Amino acid sequence: MFEDYHVHLDKVDWSIGTIKEMCKIAKSRGVDRLGLVVHTRALEGFEPLYHDIIADGKNHSKFKFGRSMDQYIDTLVKAKAEGCPVDIGLEVCYSPEGESFLKKKLKEYPLDFVIGSIHLIEGMHYKTAIEKYNDTDIVGKLYYNLVLNAAKSGLFDIIGHIEVVRREGILGLDHFPDILKNIADSMKENDCALEMNTKWLVKRDYLVPDCDTLKYMESKGVKLIFGSDAHHMDRIGFEKDSAFKAIQNAGYNGFAYLGPKT
Ligand SMILES: [Zn+2]
Ligand SMILES: [Zn+2]
């Protein structure tokens, strides 16, 4: 069973027709099952996660909170009932301050899996954090420690794009060995999977995470899943063959299938 666990529904209409079309595309590319997600910043009711940022009164154009979580769940539950091979997921913006809110909120919905991703550092975008601290090592430590907190929280089935900050010149996790060890231990303890994310092959020439981090995670027995992070249907299963080669080079035999929870 090969599942693409990171396919966004943020930019499409939520209808059975759309889901069926996506499943058809998936099948034609050798993707057996789709893990569907939306960003929490698109959903009504998730405003408390962004409380500190919204409080600054500035216009954060990516924070919309306009779509209904109930409609999202209803559409996907129906799609499943009609036999679409999909799992219902969310991509959550993790911050330590949001943990108590998330603990309650995520239990309200029949989710098959939840991806925890760090999109903000101390409420700032990565670039802004680097401008503020003017030191990629300091910001790298802040970012990876947030990843560690996400892994420790036990809230997530998957950690999303773990080394995405490399795009801002921050080094990979193998340059922060103590944090890497703690992240791997926490992921293992909480049965949390690592994501091989292929989105960065679009504009940059690398997979996230890199080979050294993958090798370490494999040696610690951390599960690995595939995620294209597709925001458009034509990216479903994007570069899955490159991803497969890369993980084999790092010692993994294949991608894990987590199975539906609902
Ligand atoms: Zn993300
Ligand atoms: Zn994503």
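This is a predicted model: local features need pLDDT of at least 70, side-chain atom pairs count only at pLDDT 80 or more; totals for chains, interfaces and linings use all residues.
Where does Pro209 lie? Pro209 is in the loop between helix H8 (200–203) and helix H9 (211–219).

Residues are numbered from 1 along each chain as its sequence is written, and chains are lettered from A and ligands numbered from 1 in the order in which they are written.

1. Let's stay with Pro209 for a moment. The peptide bond joining Val208 and Pro209 is cis, with omega at about 5°. For background, most peptide bonds are trans, and most residues other than glycine have a negative phi.

2. Glu122 is not a glycine, yet has a positive phi of about 50°; Glu122 sits in the loop between strand E4 (113–117) and H5. Glu239 also has a positive phi, near 55°, and belongs to the loop between strand E7 (224–227) and helix H10 (240–249). A residue is buried if 20 or more other C-beta atoms, placed from the backbone, lie within 10 Å of its own, exposed if 12 or fewer, and partly exposed in between. Glu122 is partly exposed, with 14 such atoms, and Glu239 counts as partly exposed with 19.

3. Next, visit Tyr5 in strand E1 (residues 3–8). Tyr5 has 30 other C-beta atoms within 10 Å and is therefore buried. Beyond its neighbours within four places in sequence, Tyr5 is in contact (C-beta atoms, placed from the backbone, within 7 Å) with residues including Gly35, Phe113 and Ile158.

4. Strand E1 pairs with E2 in the parallel sense over 4 bridges; pairing requires at least two DSSP bridges. Glu3 stands opposite Arg33 in E2. In strand E2 (residues 33–37), 4 of the 5 residues are buried.

5. Finally, look at helix H5 (residues 126–133) and helix H6 (residues 136–153), whose axes come within 8 Å and cross at roughly 135°. The contact is made by Ala129, Ile130 and Tyr133 of H5 with Thr136, Ile138, Val139 and Leu142 of H6.

Conventions. Axes are lines fitted to C-alpha atoms, for helices over the stretch in contact, and angles run from 0 to 180 degrees between N-to-C directions. Helices (H or I, at least four residues) and strands (E, at least two) are DSSP runs, numbered from the N terminus. Two residues are in contact if their C-beta atoms, placed from the backbone, lie within 7 Å.
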